[in-house]
Amino acid sequence: MAEALLTVENLTKSYGDKLLFEDISFGINAGQKTALITRNGYGKSSLLDIITGKVLQDSGRITFSNNVRMAYLPQNPSIHSGQSIRDFVFDSDNQYMRLIARYEEALLQTSLGHDSPQLPQLINEMDILNAWDYESRVKEVLSRLDIRDLDRPVSILSGGEQKKVAMARTLIDDVNFLILDEPTNHLDIAMIEWLDGFLSKQKLALLIVTHDRYFLDHVCHDIIEIDNSQLYHYRPSNPSVPPYDYYVEKRLERLANAKAEVEKARSLYRTELEWMRRMPQARGTKARARIDAFYELEQKAHTRFDEKKPELSVKTERIGGKILEMYNVCKSYDGRKLVDDFSYAFKRCERIGIVGPNGVGKSTFVGLLTGRLRPDSGRVVVGQTIRFGHYTQEGLHAKDDMRVIEIIKEAADVIELEDGHELTAHQFLSHFGFDGATQFNYFGNLSGGERRRLYLLTVLMTNPNFLILDEPTNDLDIYTLEILERFLKGYKGCLVIVSHDRAFMDNLVDHIFVFEGEGRIRDYHSNYSDYLQARQQRLKQEQRAKSEERSEAYARDQRQKALSAKPKATYKQRQEYDQLGRDIEQLNQEKARLESLLSGGDGDLQRLTEASQRIGLIIAELDEKELRWLELDELM
């Protein structure tokens, strides 16, 4: 049985009147990879903070194995260090990390032309500790996360870059238990695919919070969920069943059973309520027990469930004949082509995904669509009826002392629906998971995910008919993503989504613009998963072709080496070679004369018989001498 690295027993935490979780228990064993799912603001961050020792629980116990070596990557790591990237990544008590840091510094000095007398000794120490595999891991992590120029100060990096640097430090540390909070945020698809494979192969325990459903299915074995202050565990018995599909199925069964129990409790509650109102005089043991049971029944009967939200379709501004057209658009920065001679005419109700590595021009393209940027050449023509809604990665800028409902009402008091009905700001907030208490909470008290969700609503409430969402899934929980997906499926305007969330894109877009670098944009008429599969097949074919080319080059090189390594002919062999040439020439001449004699038919029978016998001997002798001549010719 696997060793229990973490044991959580009867844990309870609340803030004021808000109960986050009560008496929850679970464990993480060696090698176990578990996903944690809960709504934003429902205790996810508090649970991770308690496990990592940043916050104290109200009650309950956290126990770690003596053998546990744990590392934690928060959702938004705050790095206020004056260190360089190199110093920050290698700042560890791990002996391998300290040795590799010294070795890398010695190599750097050598590359700069400085003497590094310690280098031979450090190479010897690397051999003794067998640290070369660890160094390869360090280089793989840094290169795959595109972390270069390690001498840059950490303090000047963007939030996304700091997240990647913090992730690199976490992944290369010598640990057996990792806690990762939204690790795929700020990563492009190539990095996500690499991280997927990297974590799947590692023999370590994981506790991961993620909204990426494909990533969850590929990496995790099971799911724990915090819902209504309780914890539920979902683990498919069949390893071939994706954990998230299993979770969705079993959660629906759990909710159906719970609702049936509550309905039964409500029916019984009415009977017991009548008994309580009669105020029975007898207060014997049975009566007191019945009264105690009544209050438990009352609590259960008043249980509320988050009912499935109805699908909403907002009313959009009428779209005219011309929507948005791009003619031979070009855009460059610092000599780098980001958009090169791109033309496209957007169609009514079109749904387009935009994919590609970070820094390849996706945000620039969106800026050209909205008019925030002007092309170097070409034209962008926007129809007169187009009304943009643009959700950016910068997020919502609001005062911390503003209430949620006030922020929404600044965008709109009501939102018009396609069917002619209206939703108030309160109702719209409720539809997207903001309960009554949260609506009157201050912006400064919201979690990161709640702020992103609120920002999304301020964009949607303006009734745009051309909606651009730039990485909308970052920091949103899975529940909100499902609501957002249902909402966008009913959206009647044009939709452009920039995202690395494969499930989100597959569920919403009709085709994708693939940014391939150097300004090339390819229109791929299928979903994101099909594109990734075709891309992987193409990469495999390219790798196979390169491998075959390398094999052929190696074979040619070996043949050339073999030829150049052949021994030279000796003096006697050269003499033999020359004599064989003369002998072969004489034998061929004699053979020709005999063939002429035999073909002419002149002469007596004895002479012809002798000629026939002689020519047989000549042919045999020629075969022998020519074979030897060829052997010597190779040496010559």
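How many aromatic pairs does the count come to? There are 20 aromatic pairs, where rings of Phe, Tyr and Trp (its six-membered ring) pair if their centres lie within 6.5 Å, with planes under 30 degrees apart called stacked, over 60 edge-to-face and the rest tilted.

Before you click around: this is a predicted model, so local features need pLDDT of at least 70 and side-chain atom pairs 80 or more, while totals for chains, interfaces and linings use all residues. Residues are numbered from 1 along each chain as its sequence is written, and side-chain values use heavy atoms, leaving out hydrogens and water.

Start by selecting Phe 365 and Phe 515. Their ring centres are 5.5 Å apart and the planes stand at 80°, so this pair is edge-to-face. Phe 365 is in helix α11 (residues 362-370) and Phe 515 in strand β19 (residues 511-517), so the pair ties together parts 150 residues apart in sequence; helices (H or I, at least four residues) and strands (E, at least two) are DSSP runs, numbered from the N terminus. Phe 365 counts as buried at 1% relative accessibility, buried being under 20%, exposed over 50% and partly exposed in between (1.4 Å probe, protein chains only).

Now widen the selection: ring pairs link Phe 342, Tyr 344, Phe 346, Phe 365, Phe 388, Phe 466, Phe 513 and Phe 515 into a cluster.

Last stop, Asn 10. You'll find Asn 10 in strand β1 (residues 4-15), with a positive phi of about 50° although it is not a glycine. At 44% relative accessibility, Asn 10 is partly exposed.
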